[in-house]
Amino acid sequence: MRKGWTAQIQLQSGQPPWDAPLVVRAMFEVSVQFEYLLQLPAERGKLFLDYAKVTRHRDSKRIADNPQEPIGRQIVNSPMRAEGEIRNQIEFDEVTAQFQRGKKKNDLWDKWYCKSLADLTQEPGIGKRGEYDIWYKFAAGWAHGDPFVTQRIAPYPGSGIPTLFAMCLYFFGRMLYLAAEAKKVLLAAEQFELLKACLEKRD
C-alpha cells in the first residue's frame, strides 16, 4: 500500500516527495500533542484553545512591528487595527497566567503544554522519546537545512520515501485509534480491531 501511495504522489507531482520528512515531523508532533491532550481532555483542551489567544497577540504584534513587509503594512494601515489590538490584548491578559514560565512578566512558554516537545514525549503514558530522537530530530534537521541531513531523505540506511510515508500513516493511525477509544470517532468493531492490530504490528 505504501509503495503504491508513494508512486501515485510521484506521478502526480512529477517530482520525488522531498517534503516527506517535513510531513513526518508535523505528524509526529501533532500525534504526541493529541495523545497528551486526550489524557485530560477537558483541562488540556481548554489550555489548547486558550493558547490561541497568546499566539494571535504575539503574531499580530510581530507583523505590525515590521511595516516594511507587505503584510505588516496591511495591519499598520488597517482601520480596524486599534480595535483589534485592544481585543487581542484583553484576551491575551485573560490567559497568560496559566502559561507563565519565569518570574518576568510575559515570560511565557512557547507551547500550550508548557514544556519542550522532548519533555512531552517522556510524560507518563506517552513514552515516545525514541520516536522523537529518530524521526523528529532527523526531520527537524531537514526543516532547518542541516548540511548533513539535507543530503538524505531518510534518517538511516535502508529506509526511504516508503518508510517515511508509512510513519505518517502510523502517526495518523495512532490518533485515529485514540479518538475511537475515547468514543470521539465511531468505528465498527472490526475496523477498530484491525486498526489496533496494525498499530501493534508496527510496535
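1. Start with where H2 meets H7. From H2, the residues involved are Pro 21, Leu 22, Val 24, Arg 25, Phe 28 and Glu 29, and they touch Glu 131, Tyr 132, Trp 135, Tyr 136, Phe 138, Ala 139, Ala 140, Trp 142 and Ala 143 in H7. Contact here is heavy atoms within 4.5 Å. By type, the residues of this contact split into twelve nonpolar, no polar and three charged. For that count, Ala, Val, Leu, Ile, Met, Phe, Trp, Tyr, Cys and Pro are nonpolar, Asp, Glu, Lys and Arg are charged, and the others, Gly among them, are polar.

2. A word on what you're looking at. This is a predicted model, where local features need pLDDT of at least 70 and side-chain atom pairs count only at pLDDT 80 or more, while totals for chains, interfaces and linings use all residues. Residues are numbered from 1 along each chain as its sequence is written, and side-chain values use heavy atoms, with hydrogens and water left out.

3. Now the geometry of that pair. Helix H2 (residues 20–39) and helix H7 (residues 129–143) pack at an angle of about 135°, and their axes are 8 Å apart. The axes are lines fitted to C-alpha atoms, for helices over the stretch in contact, and angles run from 0 to 180 degrees between N-to-C directions. H2 and H7 therefore count as oblique to each other, the class left over once angles under 35 degrees (roughly parallel), over 145 (roughly antiparallel) and 65 to 115 (roughly perpendicular) are taken out.

4. Overall, the protein has nine helices and zero strands. These are DSSP runs numbered from the N terminus: helices are H or I with at least four residues, strands E with at least two.

5. Have a look at Thr 121, in the loop between H6 and H7. Thr 121 is buried, at a relative accessible area of 0%. Neighbours within four places in sequence aside, Thr 121 contacts Phe 28, Val 32, Ile 126, Gly 127, Lys 128, Arg 129 and Tyr 132.

6. Lys 115 lies in the loop between helix H5 (81–95) and helix H6 (117–120). Lys 115 counts as buried because its relative accessibility is 16%. Its side chain makes a polar contact of 3.4 Å with that of Tyr 36; such a contact is a pair of N or O atoms within 3.5 Å, and within protein one must be able to donate a hydrogen and the other to accept it, with residues adjacent in sequence counting only if both atoms are side-chain atoms.

Key:
Buried < 20%, exposed > 50% of the residue type's maximum accessible area, 1.4 Å probe, protein only.
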